[in-house]
Amino acid sequence: MKKRVLGAAILAAALAAGALTACSGSGKETTADTTAAPTTAEDTTAAGAEAETTAAETEAAETTAAGEMKKIIVGASPAPHAEILNAAKEVLASKGYELDIVEYTDYVLPNNALDSGDLDANYFQHKPYLDSFNEQNGTKLVSAGAIHYEPFGIYAGKTSSLDELKDKATVLVPNDVSNEARALLLLEAQGLIKLKEGVGLEATRNDIVENPKNLDIVELEAAQLPRSLPDCDIAVINGNYAIEAGLKVSDALAAEDSESLAATTYGNIVAVREGDETTDATKALVEALTSPEVKQFMEEKYEGAVVPLF
């Protein structure tokens, strides 16, 4: 009886030890499941990613808010002014301004639009023309800075050289006062006519005192000059309209000298309303247009047809 009791006790002890081993094994598995549980690691990674995304979105939002661009609306003739403005866009953007360019194909509308407030500035004219426009229209537009000048050229129509000009040959010139004077001065420099002494930049056809070849000087709107070349012997054409028509100053029969009165007087300007010359926007625009990047653009693209004044 005692042996049976002792055997049962040993068996119970063995079963208890086995049970303890099983529990230990189960504990190891539970520990392994807990330490290697992918859920905890994924949750941590997801939380970190979410935090990074939120931080990135916040930073982007702050950058957008801080870099919000102010708009400048500038009127310009298509070439070269609008092209030069496009070259200045990136520089201007770095100063916090978005440039909106409105193109015009005449010399009147961009000044009217500036005067009425539709534009913040325009870039297409020289100061003598602006002064004349103000006087004739009672406007108060001013120069914020000279950017470049475009040499006037004499271009061949039916006659291929100045020496071949015949008596009563037809010569086209711009019909606005300041540009007509410039054209006449260029004709005078070539010995084709002579102007009244001292008339200078106010010259008109009425100031021609000598015309050895009896040239027929015909005034025409500046924009019409290039397309009228086939109908005349020669034409004196503004630089911007020559560029638009694909005419190169290197192909001109004659062009203004860089030291001439016209070249030093007729620098193309940024015009604004009186009182806006020193606004931050105007300063940024002029600085962009006189930047090294824009200077390089002018020199490489126009090959002497547009000369920087800075």
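This is a predicted model: local features need pLDDT of at least 70, side-chain atom pairs count only at pLDDT 80 or more; totals for chains, interfaces and linings use all residues.

Trainee: Which strands form the open sheet, and in what order?

Mentor: Six strands form it, in the order β2-β1-β3-β12-β4-β13. The pairing is mixed.

Trainee: What makes β2 and β13 edge strands?

Mentor: Each of them pairs on one side only. β13 covers 307–308.

Trainee: Which helices lie across β3, β4 and β12?

Mentor: α4 does, running at about 145 degrees to β3. Helix α5 (residues 127–137) does too, running at about 110 degrees to β3.

Trainee: Now the rings. How many aromatic pairs are there?

Mentor: The count comes to six aromatic pairs.

Trainee: Why is the pair of Tyr 107 and Phe 124 called tilted?

Mentor: Check the distance, then the angle. The centres are 5.7 Å apart, and the limit for a pair is 6.5 Å. The planes stand at 40 degrees. Under 30 degrees would be stacked and over 60 edge-to-face, so the rest is tilted.

Trainee: What does the pair of Tyr 107 and Phe 124 tie together?

Mentor: Tyr 107 lies in the loop between β2 (97–103) and α4 (109–116), and Phe 124 in strand β3 (residues 121–126), so the pair ties together parts that are 17 residues apart in sequence. Both Tyr 107 and Phe 124 are buried.

Trainee: Why is the pair of Phe 297 and Tyr 302 called edge-to-face?

Mentor: Their ring centres are 5.9 Å apart and their planes are at 85 degrees. Over 60 degrees counts as edge-to-face, so that is the label for this pair.

Trainee: Which residues do ring pairs link into a cluster?

Mentor: Tyr 107, Phe 124, Tyr 129, Phe 133 and Tyr 241.

Trainee: What is the mean pLDDT of the protein?

Mentor: The mean is 83, and 78% of the residues reach 70 or more. Over residues 1–65, however, the pLDDT is below 50. Beyond near neighbours in sequence, that stretch has one contact in the model.

Technical notes: Residues are numbered from 1 along each chain as its sequence is written. Side-chain values use heavy atoms; hydrogens and water are left out. Helices (H or I, at least four residues) and strands (E, at least two) are DSSP runs, numbered from the N terminus. Buried means under 20% relative accessible area, exposed over 50%, partly exposed in between (1.4 Å probe, protein chains only). pLDDT is the predictor's confidence in each residue, from 0 to 100. Contact means heavy atoms within 4.5 Å. Two strands pair if DSSP finds at least two bridges between them. Axes are lines fitted to C-alpha atoms, for helices over the stretch in contact, and angles run from 0 to 180 degrees between N-to-C directions.
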